[in-house]
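This report covers how two chains are related, what lies between them, and two local features.

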2 protein chains.
Amino acid sequence: MKKVFIIGCGLLGSSLVRIIVKKKLAEKIFIYEKSKLNIIKIKRLKLPVTIVKSLRDGALNSDLIIFCTPMSQYKGLILKINNFISPKTIITDVGSAKINSSKIIKNFLKKGVYWTQSHPIAGSEVSGPEYGKDNMFKNKWCVLIKDKETNIKHLRFLDSFWKKVGSKTVKMNSEKHDKIFSITSHLPHLIAYNLVKSAKDYEKKIKLDLIKYSAGGLRDFSRIAASNEIMWRDIFFDNSQNIAKVIDIFVKNLKDFKKDIKLKKNKSIISKLIKAKRVRSQIIKLKQDINRPDFGRSN
Amino acid sequence: MKKVFIIGCGLLGSSLVRIIVKKKLAEKIFIYEKSKLNIIKIKRLKLPVTIVKSLRDGALNSDLIIFCTPMSQYKGLILKINNFISPKTIITDVGSAKINSSKIIKNFLKKGVYWTQSHPIAGSEVSGPEYGKDNMFKNKWCVLIKDKETNIKHLRFLDSFWKKVGSKTVKMNSEKHDKIFSITSHLPHLIAYNLVKSAKDYEKKIKLDLIKYSAGGLRDFSRIAASNEIMWRDIFFDNSQNIAKVIDIFVKNLKDFKKDIKLKKNKSIISKLIKAKRVRSQIIKLKQDINRPDFGRSN
């Protein structure tokens with residue numbers, strides 16, 4: 001490629017810059033970034049990019065445009081780039097929910113132009129270009145959305161692009177995507193935020209200093225609950241219907257657990273705990289986590 | 001000390017053996033272990049202990065007895081050691097819930113003999129003596145229970161003992177203990193088991209293979225949900241009343257979150273997410289977790 005344009009250069013955007021540079025996937029990388037602080041950071045990091053002040057300068061003649069902003073910014077950005085893109089421009093994003101983005105794209109992207117959605121399953125609780133790294137996507141899944149309107153040529157290009165940055169790719173439609181990630185990612189984040197909030201509420205209620213005893217479990221949840229609030233608000237709002245459904249399943253199961261505990265139903269609870277334990281082995285076998293006790297953090 | 005007797009030599013028991021040996025805290029260590037597999041492992045590990053087949057041989061003339069079994073075994077073990085202990089014997093345990101154990105001790109331990117409860121906030125999702133390590137308790141809290149009946153001399157001895165194995169100690173009564181850990185440890189484990197169960201239920205319902213996309217959040221929970229089921233059943237049953245209360249707070253908050261998401265209440269949700277995020281900084285400041293993105297696992 002001659003020209004890549006990355007809109008939003010935080011954790012994921014800057015990771016893309018690093019790996020594109022490392023693998024020499026493009027001759028030139030252009031960056032558009034709203035945050036002045038991030039721009040200072042990008043300059044300090046000496047990332048070999050051209051920082052543009054207008055979307056026009058970035059989008060014109062780009063081979064590939066990657067949206068790495070919170071999803072709530074897509075609409076505004078689309079309206080601004082519409083004049084500078086052509087059917088040849090490959091456009092993608094890294095957003096974590098897809099049905100709502102599909103609607104925005106359909107409603108606001110210039111007719112005859114294509115946006116092919118990506119979702120690399122990568123990230124962490126920290127934000128900002130200083131935390132980006134060139135192995136961010138290595139061996140991670142990247143979901144490519146294939147719907148009726150998908151431009152197959154662009155899809156093939158992106159499939160190859162994500163493989164070059166180190167990901168394993170998989171194709172599915174946006175409905176399937178949003179269902180799967182409502183339970184494997186969105187609900188876990190919501191639960192983590194909710195548990196931390198509940199701990200603070202309880203701390204106030206019983207007037208006991210308890211956060212300092214977080215090492216027995218709470219700390220794991222607090223990591224996830226430290227994730228970027230704008231990004232997660234957007235995800236929760238965008239995938240609200242699927243999330244509402246899995247919240248209901250979760251609450252129903254939690255009430256069953258409560259009953260088991262109250263009535264000391266031994267067989268029922270042991271069966272639940274053993275079944276949950278098996279999933280951990282499955283996750284490790286599927287290489288979705290490292291096989292070291294305590295994530296290896298205490299060694 | 002001349003003689004320490006450890007009942008139950010799994011993850012924590014064998015970690016105690018290792019650190020007691022390393023720090024030369026006792027001349028002799030005796031072990032009682034019910035599991036034949038664990039005995040084979042202990043022998044293979046060449047831990048310098050005397051494995052006894054009867055509790056009598058272990059308990060007689062011990063300076064310190066430490067219960068490292070699941071809490072549901074306390075009663076049966078107490079009835080068996082009652083004849084071999086004296087008011088001088090210092091007895092403790094490492095159990096994670098305290099009110100119920102206090103009752104068992106009060107009801108079944110020989111009169112005039114003392115049991116001073118400990119709870120080191122240490123452990124991991126793996127079980128068995130092969131995972132023990134001498135730094136298991138290093139810089140971790142160890143809660144010592146101080147109730148009306150507590151023998152102050154024994155409490156002082158144990159305070160010094162846990163400090164020697166590397167822990168920071170804190171004293172509180174069993175009611176306060178069980179309240180604090182219901183939210184910082186017991187509910188997080190229950191939630192983790194429940195989330196993994198809900199993911200499996202949802203997988204079945206929507207007939208989509210989803211565990212392989214666990215890297216976006218679910219995998220963190222699955223680690224905790226891989227913890228020993230007997231130990232956790234005992235904790236859930238023993239601390240059921242406090243756990244029931246925090247489940248209620250959690251479910252109420254989750255319903256509020258669901259409402260925010262459904263009605264797209266921007267201010268309300270952003271405020272919740274930011275507040276939860278702050279707790280992570282607090283936890284790291286309190287040295288309850290490491291300050292590396294993603295627990296440092298992906299580097």
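## Relation of the two chains

The model is predicted: local features need pLDDT of at least 70 and side-chain atom pairs count only at pLDDT 80 or more, while totals for chains, interfaces and linings use all residues. Residues are numbered from 1 along each chain as its sequence is written, and chains are lettered from A and ligands numbered from 1 in the order in which they are written.

## Interface

In the contact between the chains, 90 residues of chain A meet 90 residues of chain B. Two residues are in contact if their C-beta atoms, placed from the backbone, lie within 7 Å.

On the side of chain A that touches chain B, at least two residues each come from α7 (174-206), α8 (218-224), α9 (229-238), α10 (240-262) and α11 (266-285). Helices (H or I, at least four residues) and strands (E, at least two) are DSSP runs, numbered from the N terminus. The largest share of that side, 23 residues, is supplied by α7(A). Its classes are 51 nonpolar, 16 polar and 23 charged residues. Ala, Val, Leu, Ile, Met, Phe, Trp, Tyr, Cys and Pro count as nonpolar, Asp, Glu, Lys and Arg as charged, and the others, Gly among them, as polar.

## Helix α2 of chain B

Helix α2 (residues 36-44) of chain B has the buried residues B:Asn38, B:Lys41 and B:Ile42. A residue is buried if 20 or more other C-beta atoms lie within 10 Å of its own, exposed if 12 or fewer, and partly exposed in between, with C-beta atoms placed from the backbone. Down the axis of α2(B), these buried residues fall within an arc of 100 degrees, so they line one face of the helix; the arc is that of the directions from the helix axis to the C-beta atoms.

The buried residues of α2(B) pack against β2 (28-32) and β3 (50-51) of chain B. On the face turned away from them are the exposed residues B:Lys36, B:Leu37, B:Ile40, B:Lys43 and B:Arg44. After α2(B) comes B:Lys46, with a positive phi near 55 degrees.

## A:Val170

Strand β8 (residues 168-172) of chain A contains A:Val170. This residue counts as partly exposed because it has 16 C-beta neighbours inside 10 Å. Leaving out residues up to four places away in sequence, A:Val170 touches A:Trp141 and A:Val143.
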